[in-house]
Amino acid sequence: MKQYNPQEIEKKWQKYWEENLELSEAKNDSDKPKFYCLDMFPYPSGAGLHVGHVENYTATDIYSRFKRMNGFNVLHPMGWDAFGLPAENFAIKQGVHPNESTHKNIKNFIAQIKSLGMSYDWSREIDTSSPEYYKWTQWFFLFLYKNGLAYKKKAKTNWCESCKTVLANEQVVNGNCERCGNQVIQKDLEQWFFKITDFIEDFDGENGRMSGLINGLDEIDWPNSTRVAQKNWIGKSEGAIIKFPISIHSDLRTTNYKLQTNDIEVFTTRVDTIFGCTYVVLAPESALVQELKSQAGNVREIEKYIMDSKKKTDLERMENKEKTGVEMKGIKAINPFNNEEVPVFIADYVIGTYGTGAVMAVPAHDERDFEFAKKYNLEIRQSIAKLFIDQGKNAPVEGKELQKRKTVNVIVKHWKEDKYACLDWNEHGWKSFIIGGINEGETGEEAAIREVKEEAGFQNMTIVRKIGGEIHNCFFAAHKNVNRCAETECYYVELKNDEYVEPKKEDTKNHNLQWVSFDELEGFLNLEGQKWFLNIFKNQEWATTEDGVVINSGEFTGLNSQDAREKMSAWLEKESKGERKINYRLRDWLVSRQRYWGAPIPIIYCDKCGEVPVPEKDLPVMLPTDVDFKPTGESPLAISKSFHDVACPLCGEKARRESDTMDTFVCSSWYYLRFADPKNEKEFAVKENIKKWLPVDLYMGGAEHTVLHLLYARFFTKVLAKYGYVNFDEPFLKLRHQGMILAEDGRKMSKSLGNVVNPDEVVDIFGADSLRLYEMFLGPLEEMKAWNMRSVIGQKNFLTKVWKTFKEKELIDCNGGCEGVPKELPILLHKTIKKVTEDVESFGFNTAISQMMIFINSASKYEKLPKAGMEKFLMLLAPFAPHMAEEIWCGVLGHEKSIFLEVWPKFNEAMTKDEEINLVVQVNGKVRDMIIVSADIVEEEARKVVMESEKISKHIEGKEIKKIIFIKGKLINIVAV
């Protein structure tokens with residue numbers, strides 16, 4: 001074959017690989033070091049593969065082939081996440097049974113994957129919808145159940161009316177179903193849960209101390225964004241439980257009425273703000289509300305509000321900017337720190353499942369409380385002052401006296417124009433509003449008026465309002481030679497007219513008065529505290545949520561927030577009025593689904609024996625076929641007589657099976673274990689094989705699974721580790737995400753938009769190798785990239801050039817001498833080997849391809865080429881373009897065995913170093929010349945060469961050379977004054 005014809009050679013080599021499975025199969029009895037490379041296995045949807053799949057699978061295929069050629073026994077399997085809503089909804093749309101449509105889709109997926117030349121170990125293929133697999137999914141359910149980690153309870157759940165099923169919290173995105181996009185509502189239902197919350201923190205297992213879901217993230221090589229997202233989802237909050245005694249002043253109180261609960265317990269992470277608490281809020285679903293409402297003076301109003309709140313999802317309640325609530329009239333809570341009575345409200349921005357379902361409201365320091373307080377005209381009381389510490393020349397000076405003083409900032413508006421009186425502090429460099437101290441016995445308002453008269457001379461004014469709260473600002477006051485900590489208030493003053501008295505020179509000697517327009521204020525002011533007040537002045541007040549200095553807080557005043565939290569928590573415990581507490585956002589995983597296409601839950605209900613687990617010997621509990629699987633809101637299994645006609649395993653009496661199925665994420669939470677021993681009928685995987693292959697060395701998949709699948713898989717692993725089934729507590733040692741490939745129009749690919757790229761079409765036109773190279777060359781693997789069909793031809797042209805080079809050039813056996821072979825080519829080859837090797841290891845596939853292009857562009861210029869060197873280049877290309885590599889290796893070069901049985905080339909470090917470099921020459925940090933020198937030049941020689949440069953001479957002439965900085969192999973910098 002003279003011309004490069006991918007359509008001809010690719011089918012040939014795909015058939016060869018199917019017949020020679022030793023090239024892709026992992027071997028349990030091999031003594032080579034193992035490497036487990038795993039893709040997030042796909043849903044076999046009717047749409048088939050898209051180019052996003054190809055990006056993921058090509059990356060792992062390149063890496064797997066690379067590892068095999070480097071002497072590793074590689075496990076690189078493929079399977080199908082075949083249960084679940086996507087497959088079932090597709091079947092309903094097609095009007096066929098899910099089993100039929102799913103397996104038809106799987107056949108198509110397999111054909112597409114093989115057409116791309118992927119080297120999967122097909123002998124280990126798994127299908128989660130097969131009884132051979134879901135038998136063990138049911139075994140895992142029973143394993144959790146028997147260890148107290150699976151339980152059923154009635155709870156408020158997320159319900160998707162479109163999908164007719166409940167959803168886990170992780171499957172609700174912005175209040176909508178992550179599958180169909182429809183709104184999610186709340187329902188009270190009996191559901192099955194897994195106790196994932198038992199594994200948040202480190203725990204003791206049979207093999208010692210194990211890392212929990214939080215700390216385990218610090219032990220694995222995952223993208224930082226993914227680790228942060230999981231930690232945020234788990235939502236660990238360290239704080240305190242505070243007991244607020246209840247006081248009832250309602251006329252409805254009966255003489256014999258006694259509360260079952262005498263305190264409202266609130267959880268807070270900011271106990272340092274408690275002196276700013278002006279009301280307490282209970283969640284509408286709180287049991288305490290039910291107990292207290294009959295003693296309130298407005299019980300009907302309360303009950304109506306509770307009913308209205310049930311119409312909202314938890315997410316809507318948390319994100320709703322329009323805060324609503326109702327006061328429980330006559331009910332008061334007593335702040336244990338100052339014995340102050342504060343009103344009690346019910347408000348749906350507080351969620352009953354987080355913390356205690358009650359919060360102490362501190363509107364000055366919490367944004368939601370602030371919005372609520374503003375709406376209902378409740379007191380906003382500051383208890384934390386924001387702290388500013390000046391930097392640069394105004395930074396506090398160590399060893400100088402510290403003076404604390406109360407000060408005032410005054411925003412003074414011109415009597416006619418939209419301008420404001422400001423001060424330019426000459427030698428100190430400050431630019432500020434009018435500022436000054438508050439004298440003993442003087443109020444902030446009085447000080448503001450006095451300072452305007454003294455520093456600006458204006459006499460007739462009115463104070464409009466106070467701006468923000470108190471702040472603390474620490475700085476060095478150069479004009480007084482002391483450090484100052486200013487406790488500062490700010491007031492907005494409007495001048496009535498131009499009545500003016502010349503200020504004393506003593507008061508104005510350090511500054512000049514300037515009138516600054518409203519729009520120019522932000523650019524004029526250069527003190528952080530002043531800018532903070534200006535921001536409030538421009539944008540109205542808001543809650544100050546940062547840590548700072550505690551104020552207005554009795555004996556705790558003056559402490560920083562962190563110290564105050566420690567001392568206040570200790571005081572609560574000493575006085576038995578509260579305790580330190582840790583809370584988490586994460587809730588137990590809801591796994592019940594009211595749909596057909598899933599693994600049946602192996603539980604039987606007996607009127608005599610109650611809840612009974614199916615004996616392991618009776619697994620799998622098979623999905624029935626005599627059902628209408630279209631969703632109705634109740635599990636389709638509920639109407640199957642064959643499924644429910646069962647005897648109780650304990651007493652033999654007539655009993656009924658659980659009709660819910662398991663969420664498909666249960667199936668995918670353990671599949672990586674099954675690949676170690678996929679044909680085992682006696683256990684999910686024999687320990688010997690688990691120990692050999694697990695944990696996964698490299699896991700590749702989309703970032704959309706950051707929380708859902710990855711969190712659940714980690715939970716399953718930790719459960720198995722606790723009970724000694726595995727000797728590791730993290731399933732995936734290294735995780736990488738491929739970036740999304742956008743359509744040519746820059747939008748996400750979607751069938752509805754008609755912009756999806758089918759890889760089959762690209763293969764038909766350009767070949768699989770060109771498609772593989774194009775997807776890897778688009779850009780960094782993890783970044784989002786846009787598809788451009790016209791650009792694929794560039795990779796086809798590259799492969800054509802490789803083909804012609806091997807077909808048309810004379811390849812010389814250099815054992816007898818390499819006369820006529822360019823001397824620079826071996827150096828370029830070793831640089832290419834090094835570059836490609838390092839880039840593949842770090843998933844820099846685009847730059848690896850670029851380097852191979854550089855090499856072949858250079859090699860193709862010559863008529864004679866070293867055969868051994870060109871063979872090494874072909875080995876580098878082989879994982880990227882496996883079909884062409886095999887054809888050239890065997891068909892052109894005449895080798896009898898596959899190129900993938902060869903050893904990855906090694907480079908000579910000495911040959912990768914440049915003999916000459918461009919030495920950058922700087923004068924005072926600016927590049928003034930670039931000189932070609934020996935790569936190993938020493939500093940003394942470099943100085944001599946540089947000083948002889950005419951370009952450098954003119955820049956240092958007449959100057960004193962203070963220093964010369966030499967960085968070997970890069971630059972030399974002359975510091976001259």
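At what angle do helix H5 (residues 131-146) and helix H20 (residues 708-722) pack, and how far apart are their axes? I looked this up first.

**Ground rules**

I'm working from a predicted model, so I kept in mind that local features need pLDDT of at least 70 and side-chain atom pairs count only at pLDDT 80 or more, while totals for chains, interfaces and linings use all residues. Residues are numbered from 1 along each chain as its sequence is written, and side-chain values use heavy atoms, with hydrogens and water left out.

**H5 and H20**

I get an angle of about 60° for H5 and H20, with the axes 12 Å apart. Axes here are lines fitted to C-alpha atoms, for helices over the stretch in contact, and angles run from 0 to 180 degrees between N-to-C directions. Helices (H or I, at least four residues) and strands (E, at least two) are DSSP runs, numbered from the N terminus. The angle makes H5 oblique to H20; under 35 degrees would be roughly parallel, over 145 roughly antiparallel, 65 to 115 roughly perpendicular, and the rest is oblique. I noted a left-handed crossing for this pair (the near helix is turned anticlockwise from the far one by less than a right angle; clockwise would be right-handed).

From H5, Phe-140, Phe-143 and Leu-144 meet Phe-715, Phe-716, Val-719 and Leu-720 of H20 (contact means heavy atoms within 4.5 Å). By class I find 7 nonpolar residues there, no polar and no charged. Nonpolar covers Ala, Val, Leu, Ile, Met, Phe, Trp, Tyr, Cys and Pro; Asp, Glu, Lys and Arg are charged, and the others, Gly among them, are polar.

**H26 and H27**

Next I checked helix H26 (residues 867-877) against helix H27 (residues 882-892): about 155°, axes 9 Å apart. That puts H26 roughly antiparallel to H27, and the crossing is left-handed. H26 brings Glu-871, Leu-874, Met-875 and Leu-877 to the contact, and H27 brings Met-884, Ala-885, Ile-888 and Trp-889. The class count here is 7 nonpolar, no polar and 1 charged.

I also looked at burial: 8 of the 11 residues of H26 are buried (under 20% relative accessible area; exposed is over 50%, partly exposed in between, with a 1.4 Å probe and protein chains only). Glu-871 is among the buried ones, as are Leu-874, Met-875 and Leu-877.

**Gln-795**

I found Gln-795 in helix H23 (residues 792-808). Gln-795 counts as buried because its relative accessibility is 2%. Leaving out residues up to four places away in sequence, I see Gln-795 touching Ser-770, Leu-773, Tyr-774, Phe-777, Ile-849 and Met-853.

**Salt bridges**

How many salt bridges does a search of the whole structure find? I got 50, taking a side-chain nitrogen of Lys or Arg within 4 Å of a carboxyl oxygen of Asp or Glu. I opened three of them.

- Glu-371 and Lys-323 meet at 2.9 Å, N to O. The pair links distant parts of the chain, 48 residues apart: Glu-371 is in helix H10 (residues 367-375), and Lys-323 is in the loop between helix H9 (314-319) and strand E15 (325-334). Lys-323 is buried at 5%, whereas Glu-371 is partly exposed at 33%.
- Arg-209 and Asp-204 meet at 3.1 Å, N to O, and both are exposed.
- Lys-835 and Asp-839 meet at 3.4 Å, N to O. Both lie in helix H24 (residues 824-841), 4 residues apart, about one turn of the helix. Lys-835 is partly exposed at 32%, while Asp-839 is buried at 9%.

I also noted one network, in which salt bridges that share partners join Arg-270, Asp-272, Asp-547 and Arg-565.
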